[in-house]
Amino acid sequence: MISNLLNTLIGTSLYCYFQLSASPFTVFIDSRNPILVSLFRSSAMAKDPVRVLVTGAAGQIGYALVPMIARGIMLGPDQPVILHMLDIPPAAEALNGVKMELVDAAFPLLKGVIATTDVVEACTGVNVAVMVGGFPRKEGMERKDVMSKNVSIYKSQASALEKHAAANCKVLVVANPANTNALILKEYAPSIPEKNITCLTRLDHNRALGQISEKLNVQVSDVKNVIIWGNHSSTQYPDVTHATVTTPAGEKSVPELVKDDEWLKSGFISTVQQRGAAIIKARKLSSALSAASSACDHIRDWVCGTPEGTWVSMGTVPAGLIYSFPVTCRNGEWTIVQGENFSIFPVVFPLMSSQGRS
Ligand SMILES: NC(=O)c1ccc[n+]([C@@H]2O[C@H](COP(=O)([O-])OP(=O)(O)OC[C@H]3O[C@@H](n4cnc5c(N)ncnc54)[C@H](O)[C@@H]3O)[C@@H](O)[C@H]2O)c1
């Protein structure tokens with residue numbers, strides 16, 4: 001195939017180049033002199049670094065996430081990055097330790113590291129902001145107490161992002177309550193376009209893929225198009241109505257393959273809804289590596305696009321509502337999946353009202 005492509009290119013009158021996907025090499029061909037001119041590392045055509053902010057970078061998710069970003073898992077294997085890591089003063093020493101480890105790991109794509117407790121320094125010039133830091137809910141605290149702490153945190157971070165981030169900065173809120181924190185951020189950063197503020201429900205989406213893969217004993221990479229509707233919380237609704245598995249005989253519907261409505265309506269849904277609590281029970285800590293990996297998936301698909309025929313779940317802000325929807329992404333923009341058979345109302349609202357939720 002490559003030699004055919006070479007012949008085709010050599011036959012043209014243009015000077016052209018192409019890059020072999022998943023290859024660290026760029027092949028240059030000069031059609032005026034039809035020989036392979038050079039084969040060299042693509043650093044010759046290096047992209048400008050992208051600045052990625054991770055707040056709460058000294059925490060568990062931060063510790064798992066920053067090496068993934070530095071390895072190109074979030075933005076691609078040829079995309080240099082500069083990491084901006086923010087944490088609070090009591091965590092400054094630990095944050096500096098993370099920076100030391102990043103230096104020691106000698107990641108080729110990592111072009112710089114800022115480790116700071118200054119929110120303005122952290123937000124300046126960032127193209128992507130992953131908001132992991134937040135006030136944890138402690139024993140005896142009401143949900144409203146956590147929220148009021150988060151209002152002041154997200155208010156100052158929103159205004160720093162609004163004033164100092166790069167234009168068109170994409171924001172992903174991970175810290176819980178993720179939907180509410182995203183809403184606070186949106187309120188206090190009114191000049192950041194709503195479409196640029198999202199929250200993480202990709203972990204729930206990936207958990208749903210994992211459960212179907214285990215149930216059917218198929219590769220998780222062959223399962224697609226599950227949907228997480230609603231909040232990143234136990235009130236979410238994981239939906240496999242449109243999910244499929246790629247089999248040697250073509251695409252098959254998940255409900256038809258599972259053939260167990262009872263499991264799909266109860267066991268599957270509650271396992272996905274309660275998975276976070278199950279991880280805490282097992283690890284005595286909340287999920288970190290899966291949250292970090294899902295945050296990379298979220299940003300990668302948003303920036304680089306979803307594969308043809310595949311959608312993913314994202315907490316997005318259509319019409320002021322922070323809610324998880326199935327989306328496809330192209331050219332750095334998400335679009336909610338539409339279709340005649342795709343109304344959320346019959347599925348979600350009866351379920352939510354039957355559970356007494358508004
Ligand atoms: N959306 C999801 O799918 C998902 C999944 C797992 C965890 N989470 C949430 O992600 C958050 C982080 O989890 P973790 O396990 O890394 O917690 P963690 O406690 O290990 O780390 C949180 C870090 O945030 C820092 N921090 C606190 N206030 C800050 C502020 N104002 N500015 C910057 N940093 C600040 C802390 O010092 C700490 O280093 C939690 O809110 C957790 O509930 C979300």
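Reader: Which helix gives the most residues to the shell around the ligand?

Author: This is a predicted model, in which local features need pLDDT of at least 70, side-chain atom pairs count only at pLDDT 80 or more, and totals for chains, interfaces and linings use all residues. Residues are numbered from 1 along each chain as its sequence is written. Helices (H or I, at least four residues) and strands (E, at least two) are DSSP runs, numbered from the N terminus, and the helix that gives the most to the shell, with 3 residues, is α2 (residues 60–70).

Reader: Which residues come nearest to the ligand, and why does the ligand lie between two domains?

Author: A residue is near a molecule if its C-beta atom, placed from the backbone, lies within 6 Å of it, and of the 28 residues around the ligand Gly56, Gly59, Ile61, Gly133 and Asn176 come nearest. Domain bounds come from an automatic or database domain assignment. The ligand lies between the two domains because both give residues to the shell around it, namely domain 2 (47–199) and domain 3 (202–354).

Reader: How many residues of the shell around the ligand are charged?

Author: Ala, Val, Leu, Ile, Met, Phe, Trp, Tyr, Cys and Pro count as nonpolar, Asp, Glu, Lys and Arg as charged, and the others, Gly among them, as polar. By these classes the shell has 16 nonpolar and 11 polar residues, and the number of charged residues is 1.

Reader: Is Glu251 buried or exposed?

Author: Glu251 is placed in strand β14 (residues 250–253), and, leaving aside neighbours within four places in sequence, Glu251 is in contact (C-beta atoms, placed from the backbone, within 7 Å) with Thr244 and Thr246. A residue is buried if 20 or more other C-beta atoms lie within 10 Å of its own, exposed if 12 or fewer, and partly exposed in between. Because Glu251 has 12 C-beta neighbours inside 10 Å, this residue counts as exposed.

Reader: What is the bridge partner of Val327 in β17?

Author: Two strands pair if DSSP finds at least two bridges between them, and strand β16 (residues 323–330) pairs with strand β17 (residues 333–336) in the antiparallel sense over 4 bridges. The hairpin of these strands has 2 residues between them, and there Asn331 takes a positive phi near 50°. In β17, the partner of Val327 is Ile336.

Methods. Two residues are in contact if their C-beta atoms, placed from the backbone, lie within 7 Å.
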